[in-house]
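My entries follow in the order in which I looked things up.

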Amino acid sequence: MSLISVESVSFGYGRSQSVLHEASFKLRAGVNVGLVGESGSGKSTMLRLLLGLARPESGVIRYGEDVLDPRDRGFMRRYRRAVQAVFQDPYSSLDPRQKVEDIVAEPLRALRIPGPHRPVIEAALADVGLPADAISRYPHEFSGGQRQRIAIARAIVARPQFILADEAVSALDLSTRIRIVDLLKDLSKTMTILLVSHDLAVVAALCEEIIVLEKGRIVESGRTADILKQPQHPYTRKLLASVPRMPA
Ligand SMILES: Nc1ncnc2c1ncn2[C@@H]1O[C@H](COP(=O)(O)OP(=O)(O)O)[C@@H](O)[C@H]1O
Ligand SMILES: [Mg+2]
């Protein structure tokens, strides 16, 4: 079941123009993929569909053999066990009234994973490089980078196969961004990451494959090294030209 396939997916918000046009790609366990494109190209919308937060207008998304159907509770429980998300803003994505312990425990509760949860939470916090005493503190006591580590701990606590990350490092300053990318790289030894980003440099540092989205259409996809060396589509070349290289 370690395969998610997006098959000719189209989507639009209400009656407005369609936002995704017949998009197709696969996510295989063990291959990190970067979904890149300018702001408004449909990256977050794609992620919403992949998370079951919205349904394709046409086309399907499969997890293994099964069609992703947000109304199928049995499927969604299996799917959420395998697929977790990290969002862009580490301020709004963490409930300020909850202790880190309760924030990180959310998937364990939602998936009804039997306890005790505390050692599992401690392990997740250690994996993202937070001190042990973080567990009993509140989000406001942490910096932006540390908050993103909390969000990542929540995403990995149930040991999913896939992490879908929407601009997960975009809001961070450069040095923090590099450290979080390193953390994601480390985690991707055991989990596969789909990283949505407008920043090709971040994607290049983490992902073996790249998918380029222009106005809701996939215009190019392939191995990162190939695309960086020989971008085929003018839009990809434009993206490459506009992004400064991330220092190694
Ligand atoms: N909730 C929404 N309602 C209507 N239009 C939306 C909504 N969310 C996004 N859009 C539109 O869909 C397009 C793609 O947006 P989005 O998926 O957020 O792109 P990206 O993440 O690449 O910046 C944009 O034109 C955006 O204005
Ligand atoms: Mg977005």
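Entry 1. Terms before anything else. I take two strands as paired if DSSP finds at least two bridges between them. With that settled, I looked up Ser-5 and found it opposite Lys-26 in S2. I also note that the model is predicted.

Entry 2. The open sheet. In what order do the strands of the open sheet of 4 strands run? I read it as S2-S1-S4-S5, with antiparallel pairing. Strand S2 (18–28) and strand S5 (66–67) stand at the edges with a single partner strand each, so one side of each has no neighbour in the sheet. As a reminder to myself, strands of a sheet pair through backbone hydrogen bonds, either parallel or antiparallel.

I then checked the other pairings of this sheet. S1 and S4 are joined in the antiparallel sense over 5 bridges. Val-6 stands opposite Ile-61 in S4. Strand S4 (residues 58–63) pairs with S5 over 2 bridges, again in the antiparallel sense. There, Tyr-63 has Asp-66 in S5 as its bridge partner.

Entry 3. What lies on the sheet. I looked for a helix and found H1, which lies across strand S1 (3–12), S2 and S4. H1 runs at about 60° to S2.

Entry 4. Phe-11. I picked this residue from strand S1. Is Phe-11 buried or exposed? It has 21 C-beta neighbours inside 10 Å, so I count Phe-11 as buried; the cut-off for buried is 20 or more. Leaving out residues up to four places away in sequence, Phe-11 touches Ser-18, Val-19, Leu-20, Thr-45, Leu-49, Ala-54, Pro-56 and Glu-57. I looked at Leu-49 again: the C-alpha atoms of Phe-11 and Leu-49 are separated by 8.8 Å, with the two residues 38 apart along the chain.

Entry 5. Ligand 1. Which residues are around ligand 1? I listed Tyr-13, Ser-16, Val-19, Gly-37, Ser-39, Gly-40, Ser-41, Gly-42, Lys-43, Ser-44 and Thr-45. By class, I have 2 nonpolar, 8 polar and 1 charged residues in this shell. Helix H1 (residues 43–50) gives the largest share of the shell, 3 residues.

Entry 6. Strand S3. I looked at both faces of S3 (residues 33–36) and found both covered. Val-33 and Leu-35 are buried on one side, and Gly-34 and Val-36 are buried on the other. S3 runs parallel to strand S8 (residues 192–197), and 4 bridges join them. S3 also runs parallel to strand S9 (residues 209–214), again with 4 bridges. Val-33 stands opposite Leu-194 in S8, and opposite Glu-209 in S9.

Entry 7. The core. Which members of the largest nonpolar core touch the most other members? The core has 69 residues, and I noted Val-104, Ala-153 and Leu-194 for this. Apart from residues up to four places away in sequence, Ala-153 touches Val-104, Ala-124, Leu-125, Val-128 and Leu-130.

Entry 8. I kept the background in mind: most residues other than glycine have a negative phi, and most peptide bonds are trans. Against that, I found a cis peptide bond between Gly-115 and Pro-116, with omega about 0°. Pro-116 lies in the loop between helix H3 (100–110) and helix H4 (118–127).

Glu-167 is not a glycine, yet has a positive phi of about 45°. I placed Glu-167 in the loop between strand S7 (162–166) and helix H6 (174–187). Glu-167 counts as buried because it has 20 C-beta neighbours inside 10 Å.

For Lys-215, also not a glycine, I noted a positive phi near 45°. Lys-215 is in the loop between S9 and strand S10 (217–223). With 16 other C-beta atoms within 10 Å, Lys-215 is partly exposed.

Notes. Residues numbered from 1 in each chain as written. Chains lettered and ligands numbered in written order. Predicted model: local features only at pLDDT ≥ 70, side-chain atom pairs only at ≥ 80, totals over all residues. Near = placed C-beta within 6 Å. Nonpolar A, V, L, I, M, F, W, Y, C, P; charged D, E, K, R; others polar. Contact = placed C-beta atoms within 7 Å. Axes fitted to C-alpha atoms, helices over the stretch in contact; angles between N-to-C directions. Core = buried A, V, L, I, M, F, W, Y, C linked by C-beta atoms within 7 Å. Buried ≥ 20, exposed ≤ 12 C-beta atoms within 10 Å, placed from the backbone.
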